[in-house]
Amino acid sequence: MDSSNSKPSSKLPIHDLPTPEPESPMRPRKPYRFSTLCATVENPDMKDQYGSSSVPIYQTATFKGVGNAYDYTRSGNPTRSHLEHHIAKISSAEYAFVVSSGMAALDVILRILKPGDEVIAGDDLYGGTNRLLAYMRTHVNVTVHHVDTTVPEALHEFIHPTKTAMVLLESPTNPLIKIVDLASISKDVKERAPNAIIVVDNTMMSPYLQRPLEHGVDIVYDSATKYLSGHHDLMAGAITCNRDDLAKQLAFTINSIGNALTPIDSFLLLRGIKTLALRMDRQQATANVVANYLNSLGFHVNYPGLANHPGREIHERIADGNGAVLSFETGNKELSERIVGGTRLWGISVSFGCVNSLISMPCVMSRHASIDAATRAARGLPEDLIRLCVGIEDVHDLLDDLERALVDAGAVEYNVSQNQYLRVRRPETIGAITRAVEKLELNVVLGKEWLVSAPGKVILFGEHAVVHGVTAIAAAVDLRCYGLTTPRNDGKLSVHFHDIEGFYYEWDVEALPWDLVTSMTAEDKHPEALNQKLINAISEGPLKELEGKRSAFAASLAFLYLYLILSEAGRRRITLPAPPAPTSPSKRHDHISHKGRRALPQALAEEVNRWAFVAEKILHGNPSGVDNSVSVFGGALAYTRPGFGMKSGMESIQGFKSLRFLLTNSKVPRDTKKLVASEPGLVNGILNTIQSISDEARRALADPEMPRKALLSALSSLIHENHGHLVTLGVSHPSLELIRSMTAAEPYQLATKLTGAGGGGCAVTLVPDEFEAQDLQNLIDELIHDGFQPYLTSVGGSGLGILSPSDCNRGTVATRRAVQTPGQITPPKTPNPGDEASYRLHADSATGALEPLRLSFEMSSVSELPSWAESLGRWLYV
C-alpha cells in the first residue's frame, strides 16, 4: 500500500495474484510462483485509465481536486503505490513502504523507540547500522546490547519483560555470513518480552530467497539499492510488516519527515524487481561455484552453500537459497590488499546486489571501517577478510580474473602433485608432520594420477536360491565403474563420490586415528575379523558429522579403514608388473598385443580381491564374496555358499564367451529379506531343480566346442525355466513380470528372468547375435515409455583395470577437452613443444602429469566416460 493512511479492503493471499476466472470449474487456477509474481505488476485497485502495460511515472508534486486519493507526493503517489503494493505481494506482507535508502528505512524504524528503551542487536551487523545504533545510544538514551545472535540462548540474559523494545537481526550477517535462527529467536523474545518488536535486515537475501515475516518477525527492511533494484542506478529502502499499529506508526513518520521514494526512482525500482528472480538465480549459482573454488584452494570461506558452513541446516529451513555474497580469509591483511587490487573484472567497491561483481575488504573500505579496530577484533571481524559480491557475468571469466589476482598476489601457487593451484600456506600454519611430508615430496616422484575401473555384476542363474546353498552363476557386465586417485600434499585426504549425490568430504590426515591401526608387514593378510576399535574410532571421529547420510557414511568408512591400514608406515602394498618387452627383430622377439587383457597377474588380482572383500565386510557385514570377486576377476564364475553339505567356494568358468543382455531396472526396490514359499517339500524340490539349471548353464558356458547358436538357444530355455521356478518361490514382482511379457511378445520373443534378490530390482534379457538393431531399439523405447530403465550391455568382459596415463596421452587430452572448470581456471604456461630439453624439464617438474585428469574426469558424462578413459592409454586388466 502507499504511505498514506488509506488501507486496502482486504489482504491478498500470500504469493497470490488476481487472475481471470477459469473457463471451467474443473481447472481452477493455481497461485502464481515467485518469478511470475515479480514480473507481473498488477494492482486490481489501481487500473490505469489507458491500459498501459508499464506503470506510468506520475512526476508531479501535487494533485488537483479535493478529497481524492492523492493530493501531495510526499504523502502519496500512484507510481509509489504500485511499487509498494508489488513489494508487499512478494514479501508475504500486508503493508509495504519505500523510502530514499536502506539507512532511511532503518531510521524510520528506530524512531519507534523512546528514551530508556533497550535494543538487542547482533555483533556482526552492517557498519552503517552500527553507526546509527551508536547515535541512538549517545543521543536518545537507548541501551544497545550487541550479542552473538547465532546462539539464540545468548539473548536470554539481555531480554527484559518491559524494557526490551526491539531486537535487530540479520541473517546471513554481513560480512561474516553467520546464520541466525530467526524463527527461534522470534519465538523466544515474544515469550519473554511480548511487546518487543523483532526487526530483520533482509538485504542479503531479498524477498526471493527469504521472507522473515513468515517466521514470526514484525518488521522487515531491505536496502532496495541492492538486489531489489539490481543495477546500482538508484537509492531506495523498503519496509514491510503485517501489523496495523506498526504500519500506522511507520506511515506517519515517513509522511512527517518526507523521505518517501520519488516517482522516478519508484518507477526504476519497480522495473528492477521484475527481473529479481532471474538475476538472483544466476548470481547465487555463480556464487556457489566461486565459494567451492576458493574452498578447494584451502581458504576459509564463509558461504551457506558449503557443506561445512556453521548453521547451514538452519539456513536451509528458513531460506530458499544461499545468496550471492561470500567472504574468505587469507591470513594476512597485506596479502588481501594485493588480491583486491589485482582484480580487473571484479569491481573494487562497497555495496552489493547489482549485476556487476564487486570485491572489497569490509574492515578497510566499507561502513565496517567506521567501527574501531578493538571492537572489530572483539566481534571477530578479521582485518584480512575479503568480501565477494557476485554478479551475472560468465562464471569462467570471474574465476579467471580472481585466480590471476590470487596468483599475482602470491596467495596460491601451482601444485605439481595435484595439477592445480593451491593456497600458499605460511610455515606457522602448517603442522610438523605435514611439513615433513611436503619436504619428502620435493625429492620423491609422487605426482601420478591413477585411474581404476571395475565391471558391474549380474547373477545369470541361481539368484535368491544361492542363500540356500544353490550354485549361482555370476558374470561381469561391461557397464563399468570408474575411480580416480590424485595425490595431495596439503596434509588432507578427500573423497568425491559422484554417484552418491555428488558427496564430497575431506579430512586432516594428522587427525585420523592412526594409533588404533594394527601393525602389519607387507606380506600379512588382513585378519578374518575387522578391527572393530578402528571402525568405532572412524565412525565416532572423522565421520561423526555424516551419521545422517547413510550411503556416504558407509562408503567413507570403508575408504578410511582401508586407507589407514594400507598407508600404515607408508607401505606400498600392491605393485604393478613391468610392461612386456616390445617387438624386437634384432632379438628375435615378437610381442603379441592383448590390448591390456590378462596384463595383471593372478597373484596381484587375488591380493586386490582380498582387500575388496574387506571393504564388502565393512559395507555389508557378512557378504558372500560374489560381488568383489566378479569385479576383480571379470568373466564368469560359479559360487556355492558354504554350510550346505556341498563343495563350496568360487570357481572361474574358463572359456566363457561374451553374451549380449538387456538389463532393465524395474525401479522397484529389492527386498533382500523376502521369504520364499513356506512349504518345505515344495521349496526343497524347486531348489534342487534350480541347482540342476545352474549346473547345465555352467557346462554350456564352459564348453568351447558348443556352437554359438546352440549355446544361445540352450541359455534361453534355461532362463525361461529358472524364472518360472522363482515365480513359484514367490520372489518375483508384477513389474518384473510386465518386463518379461513385453520382451517375450512379438516380434521380439526374447527370454527374460529376474536377477539378484527377489521382490523387485532388475530383469535380464538375453539378446541373440542376429537380433535386428531396429527391433532392439523399438523394445528399448517401449520399456522406457512404460517407466523402466533399460541398459544394453554384454557379460563376460575383463575385470579390474588400472591406468596411469603417459605424458603424451595426457597432453592430448588437454588439447581435445578445452574445458575450464573451478580448481584450475588458468593453466600454467607450458614450455615450447619444440624444445625437447624444455619439454623434458617440464615433464620432470610436473612428475609426469602435464595435464590434470581430475577436471576432465569430473566433467565427463556417464556416456562419455568409457571412451574418454580408454583414450588415455593402454589399460592393464585382470
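This is a conversation about a predicted model and about the rules behind the words used to describe it.

Biologist: What makes a set of residues a nonpolar core?

Modeller: The set must consist of buried Ala, Val, Leu, Ile, Met, Phe, Trp, Tyr and Cys residues joined through side-chain atoms within 4.5 Å. The largest such core has 87 residues, and those touching the most other members are Leu269, Leu294, Phe299, Val301, Leu326, Leu388 and Leu406. Helix H9 (residues 276–297) gives the most to this core, with 9 residues. Apart from it lies another core, of 33 residues, including Val108, Ile239, Ala251 and Ala260.

Biologist: Which residues is Leu294 in contact with, leaving aside its neighbours within four places in sequence?

Modeller: Contact means heavy atoms within 4.5 Å, and with those neighbours within four places left aside, Leu294 is in contact with Phe299, Val301, Leu326, Phe328, Leu388, Leu402 and Leu406.

Biologist: How do you know which strands stand at the edges of the sheet that contains S8?

Modeller: Helices (H or I, at least four residues) and strands (E, at least two) are DSSP runs, numbered from the N terminus, and two strands pair if DSSP finds at least two bridges between them. In this open sheet of 5 strands, the order is S8-S9-S12-S11-S10 and the pairing is mixed. Strand S8 (300–302) and strand S10 (347–348) each have a single partner strand, so one side of each is left without a neighbour in the sheet. S8 and strand S9 (residues 325–329) pair in the antiparallel sense over 3 bridges, and His300 stands opposite Glu329 in S9. Helix H9 packs on the sheet, touching S8, S9 and strand S12 (386–389), and its direction makes about 10 degrees with that of S9; such angles run from 0 to 180 degrees between N-to-C directions, with axes as lines fitted to C-alpha atoms, for helices over the stretch in contact.

Biologist: Why are the buried residues of helix H5 said to line one face?

Modeller: In H5 (residues 182–192), Leu182, Ile185, Ser186, Asp188 and Val189 are buried. Seen down the axis of H5, these buried residues fall within an arc of 165 degrees, so they line one face of the helix; the arc is that of the directions from the helix axis to the C-beta atoms. On the other side of H5, Lys187 and Glu191 are exposed. What covers the buried residues of H5 includes strand S4 (164–170), strand S5 (197–201) and helix H10 (312–318).

Biologist: Which strands form the sheet that includes S4 and S5?

Modeller: In that open sheet, 7 strands follow the order S1-S7-S6-S5-S4-S2-S3, with mixed pairing. Strand S1 (95–99) and strand S3 (143–147) stand at its edges because each has a single partner strand. Strand S2 (residues 118–122) and S4 pair in the parallel sense over 4 bridges, and the bridge partner of Glu118 in S4 is Thr164.

Biologist: Is Ser229 buried or exposed, and where is its place?

Modeller: Ser229 has a relative accessible area of 1% and is therefore buried, although its place is in the loop between strand S6 (219–223) and strand S7 (237–241).

Biologist: What makes strand S23 mostly covered?

Modeller: Of the 6 residues in S23 (residues 762–767), 5 are buried. Strand S21 (residues 659–665) is joined to S23 by 6 bridges and runs antiparallel to S23, with Leu663 opposite Val764.

Methods: Residues are numbered from 1 along each chain as its sequence is written. This is a predicted model: local features need pLDDT of at least 70, side-chain atom pairs count only at pLDDT 80 or more; totals for chains, interfaces and linings use all residues. Side-chain values use heavy atoms; hydrogens and water are left out. Buried means under 20% relative accessible area, exposed over 50%, partly exposed in between (1.4 Å probe, protein chains only).
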